Every structure is written in structure tokens, then in C-alpha cells.
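Trainee: I am new to this one. Can we go through the terms and see what stands behind each?

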Amino acid sequence: MSETIQAEERIGTAAPTAVRTVPLSRGLSTKLLLLTIVFVLLAEVLIFLPWIASYRLNWLKERLSTAAAVSIVLVQGESTSLSRTAQNDVLMAIGAKAIAVRDGGVSRLLVVAEMPPKVDEHVDIASIGMIKGMTGALDTLFFGGDRMLRVFGPVGDSDKEFELIMPDNSLRNAMLRYSRNVAFVSLLISLFTAMLVYAAIDLIMIGPIRTMTRSMLSFSEAPDDPGRIIHPAARADEIGVAERELSQMQERLQKMLSEQKHLADLGLAVSKINHDMRNILASAQLMSDRLRQVKDPTVQAFAPKLLRALDRAVSYSEGVLHYGRTQEPPPSRRRLRLRQLVEDVHGLLDIEQGIEFVNAIEPAFEVDADSDQLFRVLTNLCRNSVQAMASDTESALVRRLAVSAVRLGSVSRIVVTDTGPGLPPKARENLFAAFRGSARSGGTGLGLAIAHELIRAHGGTVELVESIGGRTTFAVTIPDQPVRLDQARNGLRRPA
């Protein structure tokens, strides 16, 4: 009862699980919609600046053109051609205080209603550029309304320069109305554009991404269920590539999990039989020890080999168990006479009549490796070759297994060659993959997988050099251990 309560307490205090669903307010669709609105509005603001500058300039040009027309009438007509009331009406219509004309360097005041005490800003229509126009428009829009302007410049093809003195409140009010209309239209355009972009991107991108997310969540719940693998759409863009890669990754992961489960089951099965196997082999070792007391020379010659075979049988059962648990010990490397090690491999192999074994290694050839691990590697390679050639029953066929070695600098290269039928394509594709790289029916493919792991721990490689009908060659490459500089110096300083 107390254990149950403690278990419930541990569950209650466990870290909260990750959120598997995303609310609408934090989803990609909402973020995309808001970002589209913001970006479109930002673009409208950037476009608005030259628009409002152009609107201000055109507004001033229209008022100056009207003043120019009135000025020409006044200059060319009689002084009484335009009554005082008409002049006031003209000034009120254009919102001006005074109109003047400059001709030949002489300025003449034509119409005046009320001369202001000072002019706050002088605006030369002819010299307003893009930057100056935008800064002037913003200045009027935000800080204007109570200023007096002097607007001057030529109008049309006339050689005269016309001047207009006016307050800027009418200009600012017109600019505010224009800005309000532009802002309203910009907001409508932003919303409409955002909805179109949202609908298009949701259909093209967000929808498929949401589908892939649901597939990954569903696959994580039951990775061994083939129905949880995503079915990619026939698309040629990045989303299609991502869907196909996700589908292939899920398939590979499913196969990997199946193989890992197989390995776990293998480790469990071997661990169950390992104890009994040790007892049986221990009994065999005791009986083999008695063979040493027999004086028969033949028995004396085979007894040591039998004992070594029993010892290695024990290590084999432990090796398979270690492989299933990924607990292969690191190699204990020493200098070995490779020819003698190959002879031990030959003595362990069950070579039937008709198969020739050739040990082509020089007696003085040495290799820097772990004795037991290299023995296991060569035994696996040679046993595979013997089993491949044993299937050939035709008496005229050459059945030969040869082991040779060469040294290239500090690297030893061991070559195992047989005259068997060669490896099938499936075995070559999955050569060092457990349970998939077997060359014969009923095999597990563990031999090459274990050999590859052991040699890789030595810093070397196992590779298939050639595999055709009548010739299959494997090469095992093992580099010597690197010598540490401090150890080499200590060895040189040590007295003889």
C-alpha cells in the first residue's frame, strides 16, 4: 500500500508533459496574419511619405497658380479693374493675406488684406526636392497650424516670379484629411492582402506543416504502427521534399526499433542460457584437463587446442550477450604473431573434405591487436567463407580459403579470400547490419556486425574488396597504437 502511495506521489511530482496542441492565438496562422498586416502597413507608411509630400507641393502650386492668374490681371489691367471686394474675395478663396509679383528684380505688392507681422517659413516651389518635400510635409503635419508661409516661385512659362503670403492652417487641415483617407484605404488594403496571403500560405505551407506535425505526434505515440507513417503528397517543392524525407525517416526508425527489439530479445535469450552453458562448458573443461594426463602423443597434441576451444566458446556466449547489451569491452592490444593466431582459427573451423585452407602469412609477421577479439573477427570471416563454399557440391570446383597479410607503414592489412559463389546483392547492401546482412537463409548476420564493431574499436576497418562468382575478398585494416610523445621520451631517457 505504501509503495503504491509513493508511486502516486512520484507521478504527481513528475515534470509536466510537453504541450502537444498549439492554441489558435499562438499558432503559425495567427502569427502569419498579424505579420502580414504589420508589413503591409509598414509598406503603406513608406509609400505615404512621398504621397503626402507630393500632395503638399501640389496644394501650394494650385494656390500659387491662382495667385499668379490674379496677379497677371492686376498687372496688365487698370488699377480699378478689380474692386476691393473682389480682391478680398480672391484672397479669401485661396486663403492668402497678400499677393506679390517680382519682375526684373523688382517686387510689387498687388493685393493685400492684412500684412502679417512676420513670416515663419519661406517655401521655394522650384527648389523642393524629394527629401526636402517629405521633411517639410511631416513638419507641417505634426507641428504646423499656426505658422505664416511665404510661398514663391515661377508659374508655367512666365519669366515672372509670384509670391503668396498665407497661413498654413488650411494646408495642414487638408493634409490631415488626406492622411486620414489614405490611412483608411491602407488599412483596408492591408486586411484584404493579409487575408489573401494568409489563405494562400495556409493552403500551400501551414496546412501541410500542420499535417506533418500531427503525423509526428501520432507516430511518437505508437512508432511500431505502420499506419502512423505519413503519406507524402506528390509535390516538387520544399514541403514535398520534407514530407518524403519524414516518411523515409519514420520507415527507417520503425525498422531500427524492430531491430533493437530483436537485439533486446536476443540478449534476454542468451542471458537465460548463459548460466547453463557455463556449467556445461566447465564440466567439459574438467574432463579435458584429465586428457593431459594421458601419455598418448596424439592426445597431448590435441588437448591444448581443445582447452582453448572451450575457453573461446565461453567468451563467444558472453560476446553475443555483450553485443545485445552494447557492452563490448575495449581492446587490450598486444603484439601478436598473426600466423599462429590464424592456425588457431584453422584448428577451430569445421572444414569438410575438399576445402583447402591456405595460411599465407609470414612466420615473423606481427600485428598490434587484441588477441581474443581479432580471433573472433577472423573466425567469423573464415566460417562465413567455409559455409559459403560448403554449399558447392560439384567435385570439380576449386574450394580454397586463403588468409594473407601485408604491412603498409604502421598499418596491418589482413586479407581473407575464398573461391565461393559470392555474396548476394541484399547481403552486400546490408553488409554490417545485424539481422539484415546474412548471406545464407536462416543466418542472423551477427558475425560481420560483431567483426565490424570489434575492428572499429581498434581504429581500423573491415571492408568487402570484391565479391563475384568464384572470388570473395574481405580486408581487415588495423593501425598500430600511436606512441605518446612523453612515453617515447621517457623510454629514451631510461638507462640501459
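Trainee: What makes β4 and β5 a pair?

Mentor: Two strands pair if DSSP finds at least two bridges between them. Here 7 bridges join β4 (residues 148–154) to β5 (residues 161–167). So the pair meets the definition of at least two bridges. The two strands run antiparallel. One example: V151 has L164 in β5 as its bridge partner.

Trainee: How do you know what counts as a strand or a helix?

Mentor: Both are DSSP runs, numbered from the N terminus: helices are H or I of at least four residues, strands E of at least two. This is a predicted model, where local features need pLDDT of at least 70, side-chain atom pairs count only at pLDDT 80 or more, and totals for chains, interfaces and linings use all residues. Residues are numbered from 1 along each chain as its sequence is written, and side-chain values use heavy atoms, with hydrogens and water left out.

Trainee: Why are β2 and β3 called edge strands?

Mentor: The open sheet has 5 strands in the order β2-β1-β5-β4-β3, with mixed pairing. β2 (106–112) and β3 (121–124) each pair on one side only. From one strand to the next, the twist averages 20 degrees.

Trainee: Why is α4 called roughly perpendicular to α5?

Mentor: Helix α4 (residues 130–143) and helix α5 (residues 169–221) pack at about 100 degrees, with axes 9 Å apart. Axes are lines fitted to C-alpha atoms, for helices over the stretch in contact, and angles run from 0 to 180 degrees between N-to-C directions. Angles under 35 degrees count as roughly parallel, over 145 as roughly antiparallel, 65 to 115 as roughly perpendicular and the rest as oblique. So α4 is roughly perpendicular to α5.

Trainee: Which residues meet between α4 and α5?

Mentor: Contact means heavy atoms within 4.5 Å. A137, T140, L141 and F142 in α4 meet L171, R172, M175, L176 and S179 in α5.

Trainee: What makes β12 largely enclosed?

Mentor: Buried means under 20% relative accessible area, exposed over 50%, partly exposed in between (1.4 Å probe, protein chains only). In β12 (residues 471–479), 7 of the 9 residues are buried, so the strand is largely enclosed by the rest of the structure.

Trainee: Which strand do 8 bridges join to β12?

Mentor: That is β10 (residues 411–418), running antiparallel to β12. V416 stands opposite F474 in β12. Another 7 bridges join β11 (residues 461–468) to β12, again antiparallel. There, L464 has F474 as its bridge partner.
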